[in-house]
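Here are some notes for a first reading of this entry. Please keep the sequence and the structure open while going through the points.

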Amino acid sequence: MKWSQFFNTSIGKKLLVGATGLFLCSFVIVHLAGNIQLLYNDGGEAFNVYATFMSHNSLIQFIAWGLKVVILLHAFIALQLTFKNRAARPVKYAINPGNQTSSWFSRQMAIMGSILLVFLIIHLKDFWWRMHYGELPEATYKGETYKDLYLATNEAFKELWVVILYVIGMIGLSFHLIHGFKSAFQTFGLNHVKYNGLINFIGVWVFGIIIPVGFAIIPLVIYFK
Amino acid sequence: MEHYNMNLTLKVWRQKNKDAQGNFETYQVPGISSEMSFLEMFDVLNERLINEGKDPIAFDHDCREGICGMCSMHINGRAHGPWQGTTTCQLHMRAFKDGDTITVEPWRAGSFPVVRDLTVDRGAFDRIIEAGGFVSVNTGNAQDANSILIPKDKADEAFAAAACIGCGACVAACKNSSAMLFVSAKVSQLALLPQGQPEKKTRVLNMLAQMDKEGFGSCTNTGACEAECPKEISLTNIARLNREFIAAGFTYEK
C-alpha cells in the first residue's frame, strides 16, 4: 500500500485527524499559559510584552503558521469523514438509541468542532488580525513601545455578547476534547489497561475541565471587573 | 419469574424488495406469553397473517440459540433489542410489558441493503473475510496440537475475538455504520495466534481496503458497537486493528 493509498483509507485519515488533534491539544496548553497573564494586575505589561514577543519571534511565527495549516487540515479531513459517515446510512432509523449505548458528546464531535471553527474565525479576526494587520493603541513600558493588545481584549470583553460567545466556544472545546483526547489514543492503537485510566483522567480533567474553564474565566473576570 | 400474557402493538418495517419504498405497518398482537422468544412472537403474528391470506413478515433466523448471527432486528432503537449481550432470538418477551408498542426496523446501512422487510444482505461481511480473514495452510495430516506453543491469555483473547458471529449489530448500532468492530474481531483472532503471523500484513491491509470499498463509515470511538454486540466483543480489538494496520502500512514493502 502506497503512502497516498494508506492516508486515503478510513484509518489513515483518522490517524491524520488524531495526530493533528493532539498537536492542537498541546497548543491550547501553551495558549492558556500565555493568556492567563491577562488577569495580572499590572496594567497589561506582562501580557503586552509576551504578545509582542510571540508575534515577532520567527520560530514562534513559523509554528503559528503551521498551526493554522494544522487546524485547516484537521477540520477538512474530519468534515470529509463526517460527510462520508453520514452517507453510509442513507435511510435513517425511526428510533435511535440516544444515550443508551454511547455518550452524547462522543456523537457530537462534528458539531462541537464546527462551533470551535466558527469561534476560531471570530477569535482570530478579533485579536490575531488586529495585532498583526490592524490598528491598536500603544503602551510604553520602560521606554519601549508595545501594541496594547491588553486594552483591546479588555474592551472586547466589556460586551456581553462577546463574553457569551467565548463561553459557548469553550463549552464546545470541553466536549470536543473530553472525547477527542482519548479517542486519538484509541485510533493510534494505544489502548492498554495500564494506561487507559491515565489517558481518560487527562482527557476529562486537563482538557475537558481545567483548560476550557481557564480560558472561559478570562472574559468573565474582565466583564465583571 | 412469573409468567404473564401481554397485548402488544407492533410497528414493523415492510419493504417489498431492495428498490421498493418501504413503510411501517402497525399490527395488534394479543395474548403473547412472557416465556416466548421475540422470534416466536413473530411466528405467531406471521401464522395469523398467512391465515388471513396476507404476506408474512420476512425476517432472518437460523439457529435460534444465539450463535448463527442471522436474527437482525433493530428493536425500539436497539440492535437485538434492550438486553445486553443478547441476540434477537435469545431476547424473551418478558423484556416487555402489557400494552407496549414495539418498533422493529431492519439494520440500516448502505452496505446492508434491505432484501425484504427485516431481511438485509450482509454479503459485504463475506467479501471482507474473503479479502484476508483466513490462514493459508497446506493440506495433509494435522500436526501435533502442542507443536506450536500459545500462551493461555493470548488463546483466551483470540477466542473472545473469534466469538464474533458476524451478525452486523456493530454496523447497525454505529452512528457511522462502521464495520470496525467486526473487522477488528476477524483480524484479532488471527493476529493473536502464531498461525496468523505469516499473512499478518496483507490480511489487515486487504481487509481494511475491502471494508472501505464496501462503503462502511469510519470509527469515531463512541463505543455503541461494543455496547450492542451480542458476543460482547471488546473495543480493544479495534485498537489492535489500528495497530496492525499502522504497522503494516508503515512497513509492508508493496
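Which residue in β2(A) is the bridge partner of Glu138(A)?

1. The partner is Lys147(A), in β2(A). Please bear in mind that the model is predicted.

2. This bridge belongs to the pairing of strand β1 of chain A, residues 138-141, with strand β2 of chain A, residues 144-147. The two strands run in the antiparallel sense and share four bridges. Together β1(A) and β2(A) make a hairpin, with two residues between them. In the turn, Lys142(A) has a positive phi of about 50°.

3. Two helices of chain A also deserve a look: α5, residues 109-133, and α6, residues 149-156. Their axes come within 11 Å and cross at roughly 155°. Since angles over 145 degrees count as roughly antiparallel, α5(A) and α6(A) are therefore roughly antiparallel to each other. The crossing of α5(A) past α6(A) is right-handed.

4. On the α5(A) side, the residues that meet α6(A) are Asp126(A), Phe127(A), Arg130(A) and Met131(A). Their counterparts in α6(A) are Leu149(A), Ala152(A), Thr153(A) and Ala156(A). Sorted by class, this contact of α5(A) with α6(A) has five nonpolar residues, one polar residue and two charged residues.

5. Chain B can be described as a whole. Chain B has eight helices and seven strands, and its C-alpha atoms fill a box of roughly 60 × 40 × 40 Å along the principal axes. Of the 254 residues in chain B, 46% count as buried.

6. On contacts within chain B, consider those with a separation of 6 or more: 71% of them are between residues 24 or more positions apart.

Technical notes: Residues are numbered from 1 along each chain as its sequence is written. Chains are lettered from A and ligands numbered from 1 in the order in which they are written. This is a predicted model: local features need pLDDT of at least 70, side-chain atom pairs count only at pLDDT 80 or more; totals for chains, interfaces and linings use all residues. Axes are lines fitted to C-alpha atoms, for helices over the stretch in contact, and angles run from 0 to 180 degrees between N-to-C directions. Angles under 35 degrees count as roughly parallel, over 145 as roughly antiparallel, 65 to 115 as roughly perpendicular and the rest as oblique. A crossing is left-handed if the near helix is turned anticlockwise from the far one by less than a right angle, and right-handed if clockwise. Two residues are in contact if their C-beta atoms, placed from the backbone, lie within 7 Å. Ala, Val, Leu, Ile, Met, Phe, Trp, Tyr, Cys and Pro count as nonpolar, Asp, Glu, Lys and Arg as charged, and the others, Gly among them, as polar. A residue is buried if 20 or more other C-beta atoms lie within 10 Å of its own, exposed if 12 or fewer, and partly exposed in between; C-beta atoms are placed from the backbone. Two strands pair if DSSP finds at least two bridges between them.
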